[in-house]
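Here is a short briefing on the structure shown below. Keep the sequence at hand while reading.

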Amino acid sequence: MISRKLQYVVAALVLAILAMGFYLVHLKRKAESISAGPLTQALTAPVNGPAEQMTLYLANDEDNSLRPDTISSALPSDPGERGRLALHTLVTRYLQAGSPHPLGTGADVHDVYLLDPASAVVNLNAAFANTHRSGIEVEQLTVFSMVLTLKAQLPQLTRVRFLVDGKTRDTLAGHIDLTGWLDVPMVAEASKSLK
Amino acid sequence: MPKEHPIFVRVTTLLLLLLAIGFAAEPRRVTVYAPQTNYQVDILVRDGVDYVGLTDLLEPLGRLESRIDGKKLILVFNGGAAEFQDGKRQYRTRSNNKLELGSNFLLVDGRGFIPAASLTQLLSSIAGQNSEFHAAARRLFVGSTQFHYSAELRHAPSRLVLSFPNPVNPSTLIERSRVRLFFHREPVVSNGDDNVSYGDPFLASTNFTEIPSGAEFIANILQPATVSVSDGGHTVTIAAVPPPAVATAAPVATAAATAQVANQARPTALAPRLRPFVILDAAHGGYETGAVLSPTLLEKNVNLALARRLQKELEARGIPVVLTRIADNLLTWDQRAVSANTSHASLYVALHSSGSGHGVRVYTSMVGTPQAGQSKRSFLPWEQAQAPYLEQSSMAAAALAAECTFSGLPVRSSAAPLRPLNSVTLAAIAVEIAPLGNSPDELGSAEYQQKIAAAVASGIATLRGKLEATQ
């Protein structure tokens, strides 16, 4: 026979495990609702100053193209902020209804860090990658349009790396490799076939 | 303290043991040997019964179309047809014959499953195809593909000669007291005399058994032995290693005589294997499904079906092919690259599919072009190993694109950062197919896959001489 004391201990442990499990699920749901809830559209940071030309490279799934589109906007002087604003604007366009290259709900760019004038690290949010459609071409269009848009704002840029929520991710959505640096001239060369 | 404590230790040990068994257990599969190809199909166990997916089983064997109508699955295969109903044993064939499966038919996630024990009945009733299923080893032989072997013990020197009507290339394991030959790809079956005792100073006995996914021949030896394959793979010889010669003050031999002796002492070299020209890599697999093309169509399955069609098309053109995966299993990128790099093939083709866009896309790696002094023999980082082969890869991509255009398929070539292309040390491309129209279901169509497979195979055929010349 198992002693009564031992039975109480085991029962208490089982109850504690169950309670912790329920609490964990509750915390997870709460965290998800916070991160995914309000961000259905990327927000462009307000900037004061004179309007400047900003070139966005817009992807189109229908004809697999990447086309430049120049808009006028006030741009910050800090290169990292400038790059982030350009990518925010690009993502906002993709999130609009009827976009020719739609991104998933909540997709956004957290930050753009410049390690030096030639090296940029783009930190995407988890929703960007988690909701992205899977396929070589559709992922390639997204990545190339972001790299070329960044290059248009930061002419000295020669390499770009993508992180998701601050961490390295193998692929964007199962295909395009995000584990290393992307060579900007190579991206520009490869994207010629997309025009 | 109560003395029953050991019960907890026992329970914990039992649980750990069960867990260990669960993790160590290999996935159960049926190995199918057909005249056109060999492949494996995963087994689904339900209520203690082994089930096999109909699509996985029949697709490599011929023209297959299936449709789900409520709880019914209607199947058209090689001119025959059958109608199954979820949860029912009985099924109906085109000639309105009502037949019974060994257990109930299952529809799971839009896929039909039949009991493995009813495989031969199914092939016979739908397509008039004769077959034989060895349940214990889970081996299915379609169209009398299985063959027997004969064994003969010869002397001076002592050797066991195994003869096969078709070429074989077994994996060999030589242990202290036995030689084990594993036939993973060859449909070798028993010759009716599985256990033979010889009582010879070299060979005590032999034993042949069919094992899951193959067959094993064991020779229990009493002296060290070597194994050689000769006669184009038709003969396997297990020979006793001669004892080392006693050093004597022999007269000086001529060079020719020395060479002759050396040749006699050396075991027969392994016959050269047929080197594949192409290695086909159906991307994704297992829990890594790739794109969800439609509620019933996953990228991993389309890629595998396309790989099998392409394999047939290439083999019909006399081009040897190997596949990195032949079932629904997941390989890492590095495993795929290693498979390609050790295959001695000339071209690696990764196959993908996507519901976005139209037609065919051919990709090369976005690794940098080789720097001055960098060659195929240079020591390169794993992620840049493709660099010296980029020119060949571009040539391959151009040839495939040209052939697709010629076949009326919209095609586009580009470079993309794709794994494992960067780590492949041979010409390497990725092909992504998309529907011509707007429905991703077109990707599951046999006609569309066939059209693409034929165009890609023709493109590869034009490359054969060019790529082999550059190696």
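This is a predicted model: local features need pLDDT of at least 70, side-chain atom pairs count only at pLDDT 80 or more; totals for chains, interfaces and linings use all residues.

Which residues of strand E14 (residues 159-163) of chain B form its covered face, and which its uncovered one? Leu160(B) and Leu162(B) make up the covered face. Arg159(B), Val161(B) and Ser163(B) make up the uncovered one. In a regular strand the side chains alternate between the two faces of the sheet.

**Strand E14(B) and its partners**

- E14(B) pairs with strand E13 (residues 150-154) of chain B. The pairing is antiparallel and covers five bridges.
- Within this pairing, Ser163(B) of E14(B) has Ser150(B) opposite. Ser163(B) belongs to the uncovered face of E14(B).
- E13(B) and E14(B) form a hairpin with four residues between the strands. Ala156(B) in this hairpin has a positive phi, near 50°.
- E14(B) also pairs with strand E21 (residues 235-240) of chain B. Here too there are five bridges, and the two strands run antiparallel.
- Leu160(B), from the covered face of E14(B), has Ile238(B) in E21(B) as its bridge partner.
- Strands of a sheet pair through backbone hydrogen bonds, either parallel or antiparallel.

**Chain B overall**

- Chain B contains eight helices and 29 strands.
- It has 471 residues, and 39% of them count as buried.
- Take the contacts in chain B with a separation of 6 or more: 64% of them come from residues 24 or more positions apart.

- Helix H5 (residues 299-316) of chain B has 18 residues. From first C-alpha to last it reaches 26 Å, close to the 26 Å expected at 1.5 Å a residue.
- H5(B) is mostly covered, with 15 of its 18 residues buried.
- Gly318(B) follows H5(B) and has a positive phi, near 80°.
- Helix H6 (residues 333-341) of chain B has these buried residues: Trp333(B), Arg336(B), Ala337(B), Ser339(B) and Ala340(B). Why do the buried residues of H6(B) line one face of the helix? Seen down the axis, they fall within an arc of 160°, so they line one face.

**A closer look at Val76(B)**

- Val76(B) sits in strand E5 (residues 72-77) of chain B.
- Beyond its neighbours within four places in sequence, Val76(B) is in contact with Glu65(B) and Ala81(B).
- Arg63(B) is 13 residues from Val76(B) along the chain, and their C-alpha atoms are separated by 8.0 Å.

**Chain A overall**

- Chain A has five helices and six strands. From the N terminus on, its elements run α-β-β-α-β-β-α-α-β-β-α.
- Of its 195 residues, 36% count as buried.
- Among contacts in chain A between residues at least 6 apart in sequence, those joining residues at least 24 apart make up 68%.

**The sheet of chain A**

- Four strands of chain A form an open sheet in the order E3-E4-E5-E6, with mixed pairing. Strand E3 (109-116) and E6 stand at the edges, each with a single partner strand, so one side of each has no neighbour in the sheet.
- Strand E4 (residues 119-124) of chain A runs parallel to strand E5 (residues 159-164) of chain A, and six bridges join them. Val160(A) in E5(A) is the bridge partner of Ala120(A).
- Helix H2 (residues 79-95) of chain A lies across E3 and E4 of chain A. It runs at about 145° to E3(A).

**Where chain A touches chain B**

- On this contact, 23 residues of chain A meet 23 residues of chain B.
- Helix H4 (136-153), strand E6 (182-183) and helix H5 (184-190) of chain A each give two or more residues to the side that touches chain B.
- H4(A) gives the most to that side, with four residues.
- The residues on that side of chain A divide into nine nonpolar, nine polar and five charged.

Technical notes
Residues are numbered from 1 along each chain as its sequence is written. Chains are lettered from A and ligands numbered from 1 in the order in which they are written. A residue is buried if 20 or more other C-beta atoms lie within 10 Å of its own, exposed if 12 or fewer, and partly exposed in between; C-beta atoms are placed from the backbone. The arc is that of the directions from the helix axis to the C-beta atoms. Two residues are in contact if their C-beta atoms, placed from the backbone, lie within 7 Å. Ala, Val, Leu, Ile, Met, Phe, Trp, Tyr, Cys and Pro count as nonpolar, Asp, Glu, Lys and Arg as charged, and the others, Gly among them, as polar. Two strands pair if DSSP finds at least two bridges between them. Axes are lines fitted to C-alpha atoms, for helices over the stretch in contact, and angles run from 0 to 180 degrees between N-to-C directions. The expected span of a helix is 1.5 Å times one less than its number of residues.
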